[in-house]
Amino acid sequence: MKKVEAIVKPFKLEELKEAMSELGISGMTVTEVKGFGRQKGHTEIYRGAEYVVDFNPKIKVEMVVDDERVEAVIEGIIGAVKTGSVGDGKIFVMPVETVCRIRTGERDAEAI
């Protein structure tokens, strides 16, 4: 099993959710986050004062999938969120040793 984390632009969340649904992904966790990479920050003016916004709002989507589905999930995420501009985001894939559903005690593939 692998944990797939995607950091994406907030307005792409619904498209990402639909793409994962089409792939049969039944669960995901979504967190509002802030960050920057090559996109850096930007300068804004508020009430006549200029200030720097260092961190841009992003959405982090996390899901655990079987090893054989990882590539399809990655391609699905890219297809759903890619705009071709700086700041489209990143995808991280990490190994998962064990998953346990608390309610039933099911483990691993049955718990996904």
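Which backbone nitrogen lies 2.8 Å from a polar atom of the side chain of Asp88? It belongs to Gly84, and the views below start from there. This is a predicted model, where local features need pLDDT of at least 70, side-chain atom pairs count only at pLDDT 80 or more, and totals for chains, interfaces and linings use all residues. Residues are numbered from 1 along each chain as its sequence is written, and side-chain values use heavy atoms, leaving out hydrogens and water.

**View 1. Asp88 and its neighbours.** Look for Asp88 in the loop between helix H2 (70-81) and strand E6 (89-95); helices (H or I, at least four residues) and strands (E, at least two) are DSSP runs, numbered from the N terminus. With 15% relative accessibility, Asp88 counts as buried (under 20% relative accessible area; exposed is over 50%, partly exposed in between; 1.4 Å probe, protein chains only).

**View 2. Asp88 meets Lys9 in a salt bridge.** The N to O distance is 3.6 Å; a salt bridge needs a side-chain nitrogen of Lys or Arg within 4 Å of a carboxyl oxygen of Asp or Glu. Lys9 sits in the loop between E1 and helix H1 (13-22), so the pair ties together parts 79 residues apart in sequence. Lys9 is buried too, at 12%.

**View 3. Lys3 pairs with Glu62.** Their side chains form a salt bridge at 2.8 Å, N to O. Lys3 is in strand E1 (residues 2-8) and Glu62 in strand E5 (residues 56-65), 59 residues apart.

**View 4. Glu14 and Lys17 share helix H1.** They're three residues apart, about one turn of the helix, and their closest N and O atoms are 3.7 Å apart.

Methods:
A polar contact is a pair of N or O atoms within 3.5 Å; within protein, one must be able to donate a hydrogen and the other to accept it, and residues adjacent in sequence count only if both atoms are side-chain atoms. Contact means heavy atoms within 4.5 Å. Lists of a residue's contacts leave out its neighbours within four places in sequence.
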